Amino acid sequence: MSFYYLPIDTQIMEVRQLIIKADASLKKKPPGSLIIHKKYNQPQFYQKIHDKRIYIPKSDQHLIHALAQKTYDERFLKEARSLSDELDHLQLAHAERSASDMYYRLSNIYNKLPSFRKDLVTPYVLPDDLYIQEWLSESYEGLPFTDSDPLIMTERGERVRSKSEKIIADKLYALGLPYRYEFPVYIPGFGLIHPDFTILDIMERREVYLEHFGLMQDPDYSVRAFTKIDRYRSAGYHLGDNFLCTFEGGRYVFQTQPFTVMMKERFRIE
């Protein structure tokens with residue numbers, strides 16, 4: 001099985017949870033559907049119940065949003081249930097498929113809405129661009145710098161600790177891979193850590209940790225490095241899948257080209 005794909009059973013679980021959420025939301029919605037007409041370039045809202053249309057004043061935002069959400073919920077549930085059946089068949093066949101298909105189909109329900117309807121609903125699955133934007137917008141505090149640390153800035157305008165980390169950050173940025181630098185992560189059995197880079201695999205919507213070990217010529221440092229790698233493995237993070245490493249030390253310097261190849265292969269970049 002390829003480590004690149006989110007397991008089918010995990011996809012099934014995620015879709016079923018979304019179905020439960022959307023179904024619970026739909027059951028609370030008022031009768032009828034929302035009709036929107038534009039008059040003098042301004043929207044007018046109506047509640048359609050059978051053949052009857054009832055005008056909704058703009059002040060009744062709760063009803064307007066509820067009816068808009070209801071239509072979205074219905075479309076989302078139809079697609080999600082169809083997708084759930086497909087995934088069940090894939091599981092029975094011991095097959096695998098990228099989660100990108102799941103995320104594309106479920107996010108497309110929202111993506112296909114007219115812009116004025118998008119403002120009225122809360123999507124269960126965001127399109128890729130909005131998902132990346134939300135992921136990158138999360139604020140956090142990384143590890144502090146000391147006065148003795150060199151001032152090294154990336155193309156994205158953030159401070160890093162070494163020239164090699166700058167090369168890594170700039171290459172991730174150039175490849176269009178969303179990343180966070182020293183983002184705090186709590187891993188059971190490992191504790192609170194700050195991986196050098198947390199990269200978003202947008203196709204599978206998983207986070208991949210990248211650690212750069214830059215002083216491997218130091219015996220004590222190398223022991224700590226391999227201990228850290230082993231602790232990642234024990235916590236369920238596998239090299240080449242959701243955990244990546246780069247190394248340098250002594251006469252072996254960090255090489256940009258092999259790193260670029262590794263990133264393109266891992267994240268399926270042409």
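Reply: Start at Asn-108, which sits in helix H3 (residues 99-111). Helices here are DSSP runs of H or I with at least four residues, strands are runs of E with at least two, and both are numbered from the N terminus. The model is predicted, so local features need pLDDT of at least 70, side-chain atom pairs count only at pLDDT 80 or more, and totals for chains, interfaces and linings use all residues. Residues are numbered from 1 along each chain as its sequence is written, and side-chain values use heavy atoms, leaving out hydrogens and water.

Asn-108 counts as buried because its relative accessibility is 17%. Buried means under 20% relative accessible area, exposed over 50%, and partly exposed in between, with a 1.4 Å probe and protein chains only. Gly-236 lies 128 residues from Asn-108 along the chain, and their C-alpha atoms are 32 Å apart.

H3 has a partner in helix H1 (residues 8-27): their axes come within 11 Å and cross at roughly 15 degrees. H1 is therefore roughly parallel to H3. The axes are lines fitted to C-alpha atoms, for helices over the stretch in contact, with angles from 0 to 180 degrees between N-to-C directions. Under 35 degrees counts as roughly parallel, over 145 as roughly antiparallel, 65 to 115 as roughly perpendicular, and the rest as oblique. The crossing of H1 and H3 is right-handed.

Which residues meet? H1 brings Gln-11, Glu-14, Val-15 and Leu-18, while H3 brings Ala-99, Met-102, Tyr-103 and Leu-106. Contact means heavy atoms within 4.5 Å. By class, this contact has six nonpolar, one polar and one charged residues. Nonpolar covers Ala, Val, Leu, Ile, Met, Phe, Trp, Tyr, Cys and Pro; charged covers Asp, Glu, Lys and Arg; the others, Gly among them, are polar.

Now to another helix. H6 (residues 163-174) has twelve residues and reaches 16 Å from first C-alpha to last, close to the 16 Å expected at 1.5 Å a residue. The expected span is 1.5 Å times one less than the number of residues. Buried in H6 are Ser-164, Glu-165, Ile-168, Ala-169, Asp-170 and Leu-172. These residues pack against strands E5 (159-160), E6 (179-181), E9 (197-201), E10 (206-213) and E11 (243-247), and against helix H8 (256-266). After H6 comes Gly-176, with a positive phi near 75 degrees.

H6 and H8 have axes that come within 11 Å and cross at roughly 40 degrees. The two are therefore oblique to each other. Ile-167, Ile-168, Lys-171 and Leu-172 of H6 make the contact with Thr-256, Phe-259, Thr-260 and Met-263 of H8. By class, that gives five nonpolar, two polar and one charged residues.

Finally, some loops. Glu-182 lies between E6 and strand E7 (185-187). Its phi is positive, about 50 degrees, although Glu-182 is not a glycine. Glu-182 is buried, at 3% relative accessible area. Arg-205 is in the loop between E9 and E10. Arg-205 also has a positive phi, near 55 degrees, without being glycine. At 10% relative accessibility, Arg-205 counts as buried. Arg-251, in the loop between E11 and H8, is exposed at 87%. Gln-217 is 34 residues from Arg-251 in sequence, with 8.6 Å between their C-alpha atoms.

Terms used: Left-handed = near helix turned anticlockwise from the far one by under 90°.
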